[in-house]
Amino acid sequence: HLLCLFGQRAFGSNKSYMHLMPLAPALTQSTPQRTAVIGGGIAGLACARRLQQLGHEAVCFDTGKHAPGGRCSSRTWPGGATVDHAAQYATARSASFSALMKELETEGLVKQWPARVVALEGGAAAVPVEGDAVRYVGADGMGGIAAALARGLDVRQDVWVPPNGGITYESDGMWRLRLPSGAGDDCRFDAVVIAHNGKCAERLTSSVPARDVHSLLRTRFAASLPGGGREGGGVFTLNSVYSLAFEAPAGVMPSDFDAAEVRGGPLRWLANNAAKYAPADGGGEVWTALSTGAFGKAHKVPQEQLAGTEAEAEVTAKLLRAVEAAVGLEPEALKPLRTRLQLWGAALPLCRWDDPYVWDAEHRIGIAGDWCAASAEHAATVEGAFLSGEALANHLAATPAQPAGLSLGADGGRFVPIEGAFGGAPGQPSWVQPAEAGGGRGGGRG
């Protein structure tokens, strides 16, 4: 059940997801009619898609240069092979997401991946990992799932809403986005959905009047959660993960498994993209190796300063040596034909907010993401991101005057540790200090 969003997931919750089922509300005059969705990952696309289904106008702003999807994306390797360099597959347990996967499978846009998954540790013999979950991948890469959700939507590609002053809450109750040239002049909206995370989301909301929304978007980066929770110290926490794609000559890597959970060392996941999609021209196999959060933190550098640096060469070499150790190859035996290294600086949430979405009814601004999950099994998954975005859209359309997910303080919601393999740690659920009264009132620099 690993790598549903890099596919971390966990079990155990007494909350129900019944309220995430699609609604068929009667729209009212008070319902916001035009919504800016900032973030074109799965949560943002699901939210925009559902709003459009319910008769609303939604505009999705995505920073991706070529296509939306965020961490649910793929790239084309030299020679034509498809490579999943972040999310490795999706599972479907809810009725809503299962119906979507079946629909896209019928259209030939997704397919089931009957992967042979094993556990590897220290070069020992591979141990099969049992499980009954159906794994879905895009027919031509995980990016295909995002592309399917984006069909028919107004997605403004390669648009960066500036973290400083990007959104402003105006005196008439409307939101104004400061957009770069070429992204459109229609920059006023009835509502805003924040569907991305990390420091940019934190800065984007730093001075808007919706103070509790900003409180939930404050971000800490770490390889693991503290062992004990501090009263009122709940903070959204993300780790960093390196993704190394490498092309190995045919016959060098093992052929008795398609993917592996790696235990011990700097690696956590290893998968053969040729087991999902057509191999590269020339017969090589392109594999994806994902690091642990601890390795990502220890070797983290600014992402825009990685290519062509000594850091890139050092991290690539360390991960290749880790692959050799995991699969039982001699050191330096793996001589890849080519490599591609990427740092996901804001990779996976280590804790989840125990509501599926957040909505500030007073200011008409909400949050959706894979880290908003009432159920532990959906946290940090492709499915969880979809459910969060869809549920927020349903709420916005049906009951926009009612706040949701914004109960802070000792008697309110909690950031709950996610038990998983990419840095989750046993910790204590922690509540969030409410924002100081009056902070940031009077306008809106983000």
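W175 stands opposite F189 in strand β12. Strands here are DSSP runs of E with at least two residues, and helices are runs of H or I with at least four, both numbered from the N terminus. The model is predicted, so local features need pLDDT of at least 70 and side-chain atom pairs count only at pLDDT 80 or more, whereas totals for chains, interfaces and linings use all residues. Residues are numbered from 1 along each chain as its sequence is written, and side-chain values use heavy atoms, with hydrogens and water left out.

W175 and F189 belong to an open sheet of three strands. The order is β10-β11-β12, and the pairing is antiparallel. Two strands count as paired if DSSP finds at least two bridges between them. Strand β11 (residues 175-177) is joined to β12 by two bridges. β10 (167-169) and β12 (188-189) form the edges. Each has a single partner strand, so one side of each lacks a neighbour in the sheet.

The chain as a whole holds eight helices and 24 strands. Of its 446 residues, 58% count as buried; buried means under 20% relative accessible area, exposed over 50%, and partly exposed in between, with a 1.4 Å probe and protein chains only. Contact means heavy atoms within 4.5 Å. Among contacts with a separation of 6 or more, 74% come from residues 24 or more positions apart.

A second open sheet has six strands, in the order β9-β2-β1-β13-β23-β22. Its pairing is mixed. β9 (154-156) and β22 (358-360) stand at its edges. One side of each is left without a neighbour in the sheet, because each has a single partner strand. Neighbouring strands are turned by 20 degrees against each other on average, direction ignored. Within this sheet, strand β1 (residues 34-38) pairs with strand β13 (residues 191-194) in the parallel sense, over four bridges. V37 has V193 in β13 as its bridge partner. Helix α8 (residues 382-398) lies across β1, β13, β22 and β23 (365-367). The helix runs at about 30 degrees to β22. Axes are lines fitted to C-alpha atoms, for helices over the stretch in contact, and angles run from 0 to 180 degrees between N-to-C directions.

Two packed helices are described by the angle between their axes and the distance between the axes. Helix α1 (residues 42-53) packs against helix α3 (residues 143-150) at about 20 degrees, with the axes 9 Å apart. That makes α1 roughly parallel to α3; angles under 35 degrees count as roughly parallel, over 145 as roughly antiparallel, 65 to 115 as roughly perpendicular and the rest as oblique. The contact is made by I42, L45 and R49 in α1 and by I145, A146, L149 and A150 in α3. By class, it has six nonpolar, no polar and one charged residues. Ala, Val, Leu, Ile, Met, Phe, Trp, Tyr, Cys and Pro count as nonpolar, Asp, Glu, Lys and Arg as charged, and the others, Gly among them, as polar. α3 is mostly covered, with six of its eight residues buried. The buried residues are G143, I145, A146, A148, L149 and A150. Just after α3, G152 takes a positive phi of about 80 degrees.

Strand β17 (residues 259-262) is covered on both faces. A259 and E261 are buried on one side, and A260 and V262 on the other. Strand β6 (residues 117-120) pairs with β17 in the parallel sense over four bridges. Here L120 has V262 as its bridge partner. β17 is also joined to strand β18 (residues 267-272), by three bridges in the antiparallel sense. The bridge partner of E261 in β18 is W269. β17 and β18 form a hairpin with four residues between them. In the turn, G264 has a positive phi of about 95 degrees.

The loop between α6 (293-298) and α7 (310-327) includes E304. H299 also lies in the loop between α6 and α7. E304 counts as exposed because its relative accessibility is 66%. H299, at 19% relative accessibility, counts as buried. H299 touches Y242, E314, V315 and K318, not counting residues up to four places away in sequence. E304 and L343 are 39 residues apart in sequence and 9.5 Å apart in space, C-alpha to C-alpha.
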